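Thanks for coming, everyone. Please look at the slide while I talk.

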Amino acid sequence: MTPVASPTSPLADLARAAGQWLMGWWRVVHLGALLLVMALSPSSYVEGNRRALARHIYLATAPALLWFTVLTTLIGLVVIRIVLVTALSYGLSQYALEMVVRVLVLELIPLTAALFAALRCTFPLANDVAELRASGRWKDAGDADPLRREVLPRVAAGIFSALMLAAVSCVVTLVVAYLSVYGFTSAGFASYTHTVGHVFDAGVSLVFGLKIVLLGITVALMPIASVLDERPQKRVRTSAELRGLVRMFLVIVLIEAASLVGNYY
């Protein structure tokens, strides 16, 4: 006789899937807590670890900083021009500069920098960790902690890259916005700083800083956490990368939603 499927099987499968989903998020949080403790520990900065940290930070940031800044500047020029012309046509030119600062500096550039750092830096670094585990070289250094030796420098490099790309691009965009509105003169400096200061009040500045830091942590931690959540296998880690991508986008959406609520409600 063919066994009859239990009516509780779908519920059991759903409960098991939910439990695995929650355990996956718990392992991400646990890894982040471990790395935070290691980052605050002086023993993590012995000579060999310092060299690895400096190398990863340089390779993650320096090659991309210039051309990412140039790219965001060109895109910013186009957006600034569109906003200025549109505001002028509707007689709202007094609000154009504030709109540029809010749209570009507060919203678009931090998100773009985080996504660029993820694609350019953190996913390749996560792939390096996966290859180390698959090749059996994960614990080649004897008693050295692989998290401290291999993971911490890569996560720190991803965070630094996202923060540096966002900071430099925001500053350059502010300069470009001033030049687009006032030209090469200091006559509008007082009005411009008043407008920017009006946008970046205490609450918005706090939300903006937290947003950039949290986006950097998210794009640096999620890909590597998903790779470490898998058993080392000598194959392409498509499932782990896809899981890391989904988790990363979910957290980014939550951060963006919280940022919008904090800034405008």
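Start with Arg51 and Glu47. They sit 4 residues apart in helix H2 (residues 47–89), so about one helical turn separates them. Helices here are DSSP runs of H or I with at least four residues, strands are E runs of at least two, and both are numbered from the N terminus. The side chains of Arg51 and Glu47 meet in a salt bridge, 3.0 Å from N to O. By salt bridge I mean a side-chain nitrogen of Lys or Arg within 4 Å of a carboxyl oxygen of Asp or Glu. In general, side chains of opposite charge can pair when their charged atoms come close.

Is this pair buried or exposed? Arg51 is exposed, at 53% relative accessibility. Glu47 is exposed too, at 52%. The cut-offs: buried is under 20% relative accessible area, exposed is over 50%, and partly exposed lies in between, with a 1.4 Å probe and protein chains only.

A word on the source. This is a predicted model, where local features need pLDDT of at least 70 and side-chain atom pairs count only at pLDDT 80 or more, while totals for chains, interfaces and linings use all residues. Residues are numbered from 1 along each chain as its sequence is written, and side-chain values use heavy atoms, leaving out hydrogens and water.

Now the overall picture. The protein chain has 7 helices and 0 strands. Along the sequence the pattern reads α-α-α-α-α-α-α. The chain has 265 residues, and 42% of them count as buried. Its accessible surface comes to about 14900 Å², and 71% of that belongs to carbon and sulfur atoms. Those areas come from the Shrake-Rupley method with a 1.4 Å probe; for residues, only the protein chains shown count as cover. Next, contacts, meaning heavy atoms within 4.5 Å. Take those between residues at least 6 apart in sequence: 79% join residues at least 24 apart.

Back to charges. How many salt bridges does a search of the whole structure find? It finds 6. One of them pairs Glu150 with Arg154, with the closest N and O atoms 2.9 Å apart. These two are 4 residues apart in helix H4 (residues 146–182), so again about one helical turn separates them. Both Glu150 and Arg154 are buried.

Next, Glu256 and Lys211. Their closest N and O atoms are 3.4 Å apart, and they form a salt bridge. This pair links distant parts of the chain: Glu256 is in helix H7, Lys211 is in helix H6, and they are 45 residues apart. Both Glu256 and Lys211 are buried. Salt bridges with shared partners join Glu107, Lys211 and Glu256 into one network.

Asn263 sits in helix H7 (residues 238–264). Asn263 is buried, with a relative accessible area of 14%. Which residues is Asn263 in contact with, leaving aside its neighbours within four places in sequence? They are Glu107, Val204 and Val207. Then there is Gly209, in helix H6 (residues 202–228). Gly209 is partly exposed, at 31% relative accessibility. Gly209 and Leu106 are 103 residues apart in sequence, but 9.9 Å apart in space, C-alpha to C-alpha.

On to the rings. Phe, Tyr and Trp rings (the six-membered one for Trp) pair if their centres lie within 6.5 Å; planes under 30 degrees apart count as stacked, over 60 as edge-to-face, and the rest as tilted. That rule gives 5 aromatic pairs. Trp67 and Phe116 form an edge-to-face pair, 5.2 Å centre to centre with 75° between the planes. Trp67 is partly exposed, at 44%. Phe116 is buried, at 15%.

Why is the pair of Tyr178 and Tyr182 called tilted? Because their planes are at 35°, with ring centres 5.1 Å apart. Tyr178 and Tyr182 are 4 residues apart in helix H4, so about one helical turn separates them. Tyr178 is buried, at 10%. Tyr182 is partly exposed, at 28%.

Trp67, Phe68 and Phe116 form one aromatic cluster. And the charged end of Arg247 sits over the ring of Trp25, 5.8 Å from its centre. That term requires NZ of Lys or CZ of Arg within 6 Å of the ring centre and within 35 degrees of the ring normal.
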